Amino acid sequence: LFCVMASYRNGYPRLPKVGNKHAGHCVRRAAAIVANSPLEDGDVYAAMNELRDRKRTRGVTQAETEASFIRLVAVATEHANVQYGGGAPAWGVALTAQTTALASQTAALGAQIANLRHRNRNSHAAAHGAGTTFSPLQKEVEGIMPAATLAPLTPGGVMVPAAPAVVPAVGTVYTHFPACVNAVNVQTHTEILEMIQWYNDNMGILAGATIEARQLAVLSWVQGDWLTKGE
C-alpha cells in the first residue's frame with residue numbers, strides 16, 4: 001500500500017510499558033522507529049494493534065491509551081504524506097475520528113466505574129453521620145451544560161452561572177464538591193446550579209423545585225439513585 005522506498009523524517013520511540021503489570025501481559029508493544037529508516041506498512045499496523053489492546057484491556061489508564069493514539073496518528077501521518085503528497089487521506093481522517101470517539105468513550109466508562117465505588121463509599125458515609133466525608137465524584141459527561149439548558153432550572157431572582165473559563169475534562173473532580181451531608185444541606189441555588197453546569201448533569205432536579213428538594217436530589221445523586229430508590 002505504501003512506498004517502502006521512502007524514509008521516516010522523524011523517529012518514534014517505543015512507548016513505555018503500561019503501569020499495571022497484569023494489563024501489560026495483554027498489551028502488544030509496537031517497536032521503536034528510527035529516523036531515516038524505510039517506511040514499512042507493518043509499523044502502522046503495529047501501532048494500531050497497540051492502541052487496540054490498550055483500549056480493550058482493563059487497568060490501562062486514559063493517559064496510556066492517549067499516548068498510543070498520538071503515536072499511531074504520527075506514524076500514519078508520515079505514511080499518508082508519502083502516499084498522498086501531504087495531508088491525511090480519507091481513511092486517516094476516519095480513523096482519527098473513530099479513535100477519538102473511542103478514547104472519549106473509554107474516559108467516560110472509566111469515570112462511571114470509579115463513581116460506582118465513590119457512590120458506595122458516600123452511601124456508607126451518609127449512614128455513619130452527616131459530617132462523615134464524601135468521596136468526590138468524577139465528571140462523566142463531556143462539556144458543560146449550556147446556559148439555554150440551565151436557564152429553566154434557574155429559579156426567579158437567581159442568575160444563571162457564568163461558564164467556567166476552562167471546560168473540565170471527563171474524569172476530573174469538581175473543586176467545590178460538597179464535603180458531607182451537612183455541606184449539601186446548606187448549599188444554595190447558585191452552588192447547586194454551578195455543580196449541574198460543571199458536571200453537565202441535572203442530577204434529577206426539575207424546574208421549579210424548592211431548595212430543599214434540590215438538596216435532596218444532590219444527596220441522591222452523590223450516593224447513587226438506585227440506593228435511595230430502594231429505601
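For this tour, a residue counts as buried when its relative accessible area is under 20%, as exposed when that area is over 50%, and as partly exposed in between. The model is a predicted one.

Select glutamate 50 and arginine 54, both of which are buried by that cut-off, and display their side chains, which meet in a salt bridge with an N to O distance of 3.7 Å. Because the two lie four residues apart in helix α2, about one helical turn separates them.

Aspartate 53 is buried, at 11% relative accessible area, whereas arginine 28 is partly exposed, at 44%.

Next, select glutamate 140 and arginine 119, whose side chains meet in a salt bridge at 3.6 Å, N to O. Glutamate 140 belongs to the loop between α4 (90-128) and α5 (147-150), while arginine 119 lies in helix α4, 21 residues away. The count of salt bridges comes to three.

Finally, turn to the largest nonpolar core, which has 23 residues, and select Phe134, Phe177, Ile196, Tyr199 and Trp221, the members that touch the most others. Colouring α6 (181-184), α7 (189-199) and α8 (211-223) shows the elements that give two or more residues to this core, with α7 giving the most, six residues. Apart from this core lies another, of 12 residues, including Leu39 and Leu51.

Definitions and conventions:
Residues are numbered from 1 along each chain as its sequence is written. This is a predicted model: local features need pLDDT of at least 70, side-chain atom pairs count only at pLDDT 80 or more; totals for chains, interfaces and linings use all residues. Side-chain values use heavy atoms; hydrogens and water are left out. A nonpolar core is a set of buried Ala, Val, Leu, Ile, Met, Phe, Trp, Tyr and Cys residues joined through side-chain atoms within 4.5 Å. Buried means under 20% relative accessible area, exposed over 50%, partly exposed in between (1.4 Å probe, protein chains only). A salt bridge is a side-chain nitrogen of Lys or Arg within 4 Å of a carboxyl oxygen of Asp or Glu.
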